[in-house]
Amino acid sequence: MRKIAGVSAVTVDTTAMSRKELEDLRVQLQARASKQANPQHSPNVGPGIDRLGKKRIRNIIAIISGKGGVGKSFVTSMLASELRRQGYEVGVLDADLTGPSIAKIFGVNERPHKNEAGAIEPIRTKTGVKVMSINLVLDDPTMPVIWRGPIVNSVIRQLYGDVEWGDLHYLLVDLPPGTSDAPLTVFQSIPLDGIIVVSSPQELASMIVTKAVNMARKMDAPIVGLIENMTYLACPDCGTRIDLFGESVGARFAESLGIPFLGGVPLDPNIPRLSDQGSIETYISPVFANVANELRQNSIRQVEQLTQGLPIAWGT
Ligand SMILES: Nc1ncnc2c1ncn2[C@@H]1O[C@H](COP(=O)(O)OP(=O)(O)OP(=O)(O)O)[C@@H](O)[C@H]1O
Ligand SMILES: [Mg+2]
Ligand SMILES: [Zn+2]
């Protein structure tokens, strides 16, 4: 058993999920999915989708984008790292089933354990962020491709609902790209408190981000703001800022949409390098301190209270 620094309350002796347990989980997921394919009841959000409860999590923040590949997973992992650095208990739920990348970025590949209550324990990263992703649970990489529609719904619900997240100040949810069913399912299933929009400067010229923002607006959660990723290039020789797309496109765009601008992250070759190495937690970008402050100030739900009662330790 792996000891988790700072979580003194957890004393259950856990064992790694066996192949049999994983198989059971898969069968259970599929059974649930076929049940949900039956459009029986529609409580408040849609067929087969009940919004799950809040658990012991203060703030659930989803990270969305219009297009894929603009840096959602990067932003999610950086914001998680920054909040963790500030002393919060943070979780990351990788809700991108078709392209899960959170585990890799954080360099975790350990098998989640099941505790005595039968709940799945998330994996802790090097600095103590709790991570849960489909590719930690199932080792067959073809699985997420096979699962469509209702099964996606079912898996998302399980990754959130059947995981023992414990007391968290923040749970960040890395969404699949776009405005298709997959992000919508997450919006509808998980009780979100806020949404962060990520875009690249090129994307801002199109309607894609606007579409994503409009989707977010329809949901019952405030938009925290827009982060512009890959916004400028820092000269590798002297560090001078090179504005590839003109200055502050993001700020103007956010203003036109009536949402706060949270800042821009430069294009930096260290980012893909550290992501590949699984050590994104060592990367520092001032933007995320700003975003973390923004979150704390507007906090949606009080976080300080929890800080006091919670032993927070660094590293493992
Ligand atoms: N500011 C940046 N500078 C350089 N590379 C970046 C930057 N942000 C992200 N990247 C790299 O770009 C790629 C895409 O980023 P990321 O995976 O975070 O995007 P995504 O929106 O989550 O993509 P998907 O839609 O596929 O989930 C990754 O290789 C990442 O390391
Ligand atoms: Mg991603
Ligand atoms: Zn230069």
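Start by selecting Cys-238: this residue is exposed, with 57% relative accessibility (exposed means over 50% relative accessible area, buried under 20%, and partly exposed in between, using a 1.4 Å probe and protein chains only). You are looking at a predicted model, where local features need pLDDT of at least 70 and side-chain atom pairs count only at pLDDT 80 or more, while totals for chains, interfaces and linings use all residues. Residues are numbered from 1 along each chain as its sequence is written, chains are lettered from A and ligands numbered from 1 in the order in which they are written, and side-chain values use heavy atoms, leaving out hydrogens and water.

Next, select Tyr-232 and Arg-241. Arg-241 sits over the face of Tyr-232, 3.9 Å from the ring centre (the criterion is NZ of Lys or CZ of Arg within 6 Å of the ring centre and within 35 degrees of the ring normal).

Then move on to the aromatic pairs, of which there are three (Phe, Tyr and Trp rings, the last by its six-membered ring, pair if their centres lie within 6.5 Å; planes under 30 degrees apart are stacked, over 60 edge-to-face, the rest tilted). Tyr-88 and Tyr-170 make an edge-to-face pair, with 5.6 Å between centres and 90° between planes. Both are buried: Tyr-88 has a relative accessible area of 5%, and Tyr-170 has 0% relative accessibility.

Finish with Phe-74, Tyr-283 and Phe-288, which form one aromatic cluster.
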